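Trainee: I would like to go through this fold term by term. Where shall we start?

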Amino acid sequence: MEQEEIVNRVANSALQVFDLEDYYPKEERITIDITQWLWQGLVLKEKDFRDALKNHDWQQYHDKYVAVYCSEDAIVPAWAYMLITSYLQPFAKKVMQGELHQLDVMIYNEILNSLDYTPYERKPVIIKGCSHKPVPDEAYMLAMQKLMPVARSIMFGEACSSVPLYKKPKI
């Protein structure tokens with residue numbers, strides 16, 4: 001009995017895979033908790049704060065994405081974050097106020113807003129679901145928004161088991 005050749009129908013189809021993990025930044029992403037520079041972790045004393053920033057090693061943030069936040073329920077004026085940014089700017093790849101998750105969302109927003117989506121025009125697209133890196137849910141939502149105007153259909157998951165999400169209406 002002759003064995004039938006196994007055909008990979010997915011590889012031979014027009015299906016395009018959109019993998020958000022492909023766009024995950026290679027640069028390190030870190031946070032700075034400013035409570036380390038507050039008196040008793042709660043109060044900003046301007047002179048002490050400025051001195052602490054002046055004496056901090058800012059070069060350690062070279063080519064890193066940095067999120068600056070305050071882990072305590074302290075009242076921190078906007079200028080404090082601006083001053084920290086002025087020290088980080090010459091070294092960090094990007095600085096933002098918030099925590100690591102918000103930083104990831106911001107990075108993905110910038111990346112997804114800069115992509116060319118023409119390779120997905122009028123094609124069925126699957127947004128890959130399994131990732132080994134911490135891709136935020138918000139990135140999946142933005143990818144959906146970016147792909148809907150161009151894709152013929154959009155699914156989520158893997159080619160062997162996907163969830164249909166969108167099909168362009170026939171005109």
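Trainee: Which residue of β3 does I32 stand opposite?

Mentor: I32 stands opposite V68 in β3. This is a predicted model, where local features need pLDDT of at least 70, side-chain atom pairs count only at pLDDT 80 or more, and totals for chains, interfaces and linings use all residues. Residues are numbered from 1 along each chain as its sequence is written, and side-chain values use heavy atoms, without hydrogens and water.

Trainee: What makes β2 and β3 a pair?

Mentor: Pairing takes at least two DSSP bridges between two strands. β2 (residues 29-33) and β3 (residues 65-69) have 5, in the parallel sense. They therefore count as paired.

Trainee: Why is β2 called largely enclosed by the rest of the structure?

Mentor: Because 4 of its 5 residues are buried, meaning under 20% relative accessible area with a 1.4 Å probe, protein chains only.

Trainee: What makes β2 and β4 edge strands?

Mentor: The open sheet has 3 strands in the order β2-β3-β4. β2 and β4 (94-97) each have a single partner strand, so one side of each lacks a neighbour in the sheet.

Trainee: Why are α1 and α2 called roughly parallel?

Mentor: Their axes cross at roughly 20°. Angles under 35 degrees count as roughly parallel, so α1 and α2 qualify. The axes also come within 10 Å.

Trainee: Which residues of α1 and α2 make the contact?

Mentor: Contact means heavy atoms within 4.5 Å. E46, F49, R50, L53 and K54 of α1 meet W79, A80, L83, I84 and Y87 of α2.

Key:
Buried means under 20% relative accessible area, exposed over 50%, partly exposed in between (1.4 Å probe, protein chains only). Helices (H or I, at least four residues) and strands (E, at least two) are DSSP runs, numbered from the N terminus. Axes are lines fitted to C-alpha atoms, for helices over the stretch in contact, and angles run from 0 to 180 degrees between N-to-C directions. Angles under 35 degrees count as roughly parallel, over 145 as roughly antiparallel, 65 to 115 as roughly perpendicular and the rest as oblique.
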